[in-house]
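Hello,

Here is the structure I promised to pass on to you. Please open it first, and then read my notes below.

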Amino acid sequence: STVLMNGEFIPREEAKVDIEDRGYQFGDGIYEVIRVYNGKMFMAKEHLERLSASSEKIGIAISYSISELTNLLEALIAKNSLSTGILYMQFTRGTSPRNHGFPTDDVTPTFVAYTKLLQRPLENLENGVSVITVEDIRWSRCDIKSLNLLGNVIAKQKAAEAGCYESIQYRELSVTEGSSSNIWIVNGEKIQTHEANQFILNGITRQKIIQLCNENGMELEEKAFSIEDLIDADEVFLSSTTSEVTPITSVNNVPVKEGKVGEVTKKLQGLFVDAIIGECGQ
Ligand code: PMP
């Protein structure tokens with residue numbers, strides 16, 4: 001396959017990073033994952049704006065404009081003839097002798113992007129997934145989409161060891177988010193998810209769901225809820241770029257209501273698919 005490295009298209013095997021790249025040594029960088037449907041990026045502008053916001057929050061200067069990045073990513077998709085999949089991209093602070101403080105301004109960020117085939121998770125969308133709850137041990141700047149993912153990695157591994165798809169993290173009594181997803185509960189017609197602050201990543205899928213709720217007169221509150229609220233909810237679902245709107249049918253081995261996918265979740269799934277088709281076609 002062809003990958004993008006520092007603005008050039010090269011074969012996957014030729015893409016190498018230095019052992020003193022700060023992404024490798026410190027996790028000092030940021031990333032995005034963008035869904036590709038029908039060869040077209042979904043919500044690319046929102047992803048690239050979040051990338052730009054993340055880069056500003058940690059002081060990495062990206063020398064490409066959003067439209068330049070869009071053109072490069074579109075060319076990457078075309079070169080790999082990708083239809084349904086994802087595009088991964090990351091910027092690190094660059095290569096420099098190891099030292100915690102930032103290097104001098106002449107050190108340029110390392111930029112890598114590549115595509116991967118990935119079908120829509122149709123079975124999970126239809127039947128739902130199981131999750132466990134775990135303590136949120138991460139730092140307090142989870143709003144930055146940083147390469148420092150150790151807390152998330154450990155949480156996801158606990159889910160895997162429990163035979164589950166995802167871990168739902170909690171900080172003190174509040175549910176924050178999944179290891180790689182945002183978490184939602186539904187009671188009656190009311191939908192609730194953690195407010196966008198420094199304790200969660202404001203998912204692009206989350207933002208689309210909020211927009212769809214507003215456009216369709218669905219009741220929505222952006223406010224943290226407790227583990228008890230999670231256990232007692234009528235419906236629970238998670239959202240992410242790769243998982244879209246995935247129903248959660250069991251939490252800590254206990255079924256959510258009757259363990260069936262809820263009606264509000266199904267409605268949002270339908271609206272979300274319409275949004276995909278609207279932007280990327282059938
Ligand atoms: N929270 C975390 C910690 C994540 O890693 C992700 C997925 N990247 C999300 C939420 C969902 O974000 P998005 O909808 O932009 O994929």
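**Around the ligand**

Helix α6 (204–215) and strand β13 (235–240) each contribute at least two residues to the shell around the ligand. Please keep in mind as you look that this is a predicted model.

The ligand has 17 residues around it, and those that come nearest are Lys145, Glu177, Ile204, Thr205 and Thr241. By type, the shell is made up of three nonpolar, ten polar and four charged residues. The space that the ligand takes up is the largest pocket.

Which atoms face the oxygens of the ligand? In Thr241, a side-chain N or O atom is 2.6 Å from an oxygen atom of the ligand. Ile204 takes part through its backbone, with an N or O atom 2.8 Å from a ligand oxygen. Arg50 uses its side chain, where an N or O atom lies 2.9 Å from an oxygen atom of the ligand. On its own the ligand has 390 Å² of accessible area, and the protein covers 92% of it.

**Salt bridges**

Side chains of opposite charge can pair when their charged atoms come close. The structure holds 15 salt bridges. One of them joins the side chains of Glu244 and Arg120, at 2.7 Å from N to O. Glu244 belongs to strand β14 (residues 244–251), while Arg120 sits in the loop between β6 (110–117) and α4 (122–127), so this pair ties together parts that are 124 residues apart in sequence.

Enjoy exploring, and write back with any questions.

Best wishes

Note on methods. Residues are numbered from 1 along each chain as its sequence is written. This is a predicted model: local features need pLDDT of at least 70, side-chain atom pairs count only at pLDDT 80 or more; totals for chains, interfaces and linings use all residues. Side-chain values use heavy atoms; hydrogens and water are left out. A residue is near a molecule or strand if one of its heavy atoms lies within 4 Å of it. A polar contact is a pair of N or O atoms within 3.5 Å; within protein, one must be able to donate a hydrogen and the other to accept it, and residues adjacent in sequence count only if both atoms are side-chain atoms. Accessible areas come from the Shrake-Rupley method with a 1.4 Å probe; for residues, only the protein chains shown count as cover. On a 1 Å grid over the protein atoms alone, a cavity is a set of points where a 1.4 Å probe fits but cannot get out, and a pocket is an open set with protein on both sides within 12 Å along at least five of seven lines; lining residues have an atom within 4 Å of a point. A molecule sits in a cavity or pocket if more than half of its atoms lie within 2 Å of its grid points. Helices (H or I, at least four residues) and strands (E, at least two) are DSSP runs, numbered from the N terminus. Ala, Val, Leu, Ile, Met, Phe, Trp, Tyr, Cys and Pro count as nonpolar, Asp, Glu, Lys and Arg as charged, and the others, Gly among them, as polar. A salt bridge is a side-chain nitrogen of Lys or Arg within 4 Å of a carboxyl oxygen of Asp or Glu.
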